Structures are given as structure tokens and as C-alpha cells.
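Here is a short briefing on one protein model. Keep the sequence and the structure in view while reading.

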Amino acid sequence: MGLTRAFMYAGAPTVGVSLWSVADKSTADLMSDFYKRLLAPPSGASTSVSASAAMRDAQLAMIAGKKYSAPFYWAPFVLVGDWR
């Protein structure tokens, strides 16, 4: 919580954090998918999706896959702050 709070005090509106130690490869896959979803506008829309929707969709994609479907790989990631 200390590092998260430091980012919030420094002015970051939203911080993505993990609640426990995570595996490198699965985290790289999840974060790549998250940022692709966050930064790409949805088809037919002029604005991007919210951070919470992008995280949820990236986590659901991991659940649907066979390789990283266990909660250990996707569950520790949460958004703190203005997550709309």
C-alpha cells in the first residue's frame, strides 16, 4: 500500500497494483492485453474503454485461455483510484 499511496500523492489518478507476487510471463501477457484494450478505441466508438473495463476484459481473456486460467495469474491485479 505504501508505493500505491506514494503514486497517488504524486498525482497519479489511477494505479494498477498486484496484491501478491506474480509470475513474470503471465503478468507480461496480462499487461500487454490490458494496455491494448485500454489504448485502442473500441470498434465504432471515438473514445477508449475505461481502465476497469480493460482490466476486466484482459482478465476474462486469461480465464478463457487454457495456459493462465488459474486465479493465481490474473486475480492479484486491481486498480486503485479513479478506475472509471
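Thr4 is found in helix α1, residues 2–9. Thr4 has a relative accessible area of 8%, so it counts as buried, the cut-off being under 20%. The model is a predicted one.

**Contacts across the sequence**
- Leaving out residues up to four places away in sequence, Thr4 touches Val15, Val17 and Val80.
- With the same exclusion, Phe77 touches Val17, Ser18, Val22, Thr27, Leu30, Met31, Met55 and Gln59.

**Nonpolar core**
- The largest nonpolar core has 12 residues: Leu30, Phe34, Leu38, Ala51, Ala54, Met55, Ala58, Met62, Tyr68, Trp74, Phe77 and Leu79.
- Two or more of these residues come from each of α2, α3 and β2.
- Helix α3 gives the most, with five residues.

**Helix α3**
- Helix α3 covers residues 51–64, and its 14 residues should span 20 Å at 1.5 Å a residue.
- Buried in α3 are Ala51, Ala53, Ala54, Met55, Ala58, Gln59 and Met62.
- These buried residues pack against α2 (24–39), α4 and β2 (77–81).
- Residues three or four places apart in an α-helix point the same way, because there are 3.6 residues a turn.

**Surface patch**
- Leu19, Trp20 and Phe72 form a nonpolar patch on the surface.
- Together they have about 320 Å² of accessible area.
- Phe72 lies in helix α4, residues 71–74.
- Phe72 counts as partly exposed because its relative accessibility is 42%, between the 20% and 50% cut-offs.

Key. Residues are numbered from 1 along each chain as its sequence is written. This is a predicted model: local features need pLDDT of at least 70, side-chain atom pairs count only at pLDDT 80 or more; totals for chains, interfaces and linings use all residues. Side-chain values use heavy atoms; hydrogens and water are left out. Patches are made of residues with over 30% relative accessible area and no salt bridge: like charges are joined within 9 Å, nonpolar side chains (Val, Leu, Ile, Met, Phe, Trp, Tyr) within 5 Å. Accessible areas come from the Shrake-Rupley method with a 1.4 Å probe; for residues, only the protein chains shown count as cover. A salt bridge is a side-chain nitrogen of Lys or Arg within 4 Å of a carboxyl oxygen of Asp or Glu. Helices (H or I, at least four residues) and strands (E, at least two) are DSSP runs, numbered from the N terminus. Buried means under 20% relative accessible area, exposed over 50%, partly exposed in between (1.4 Å probe, protein chains only). The expected span of a helix is 1.5 Å times one less than its number of residues. Contact means heavy atoms within 4.5 Å. A nonpolar core is a set of buried Ala, Val, Leu, Ile, Met, Phe, Trp, Tyr and Cys residues joined through side-chain atoms within 4.5 Å.
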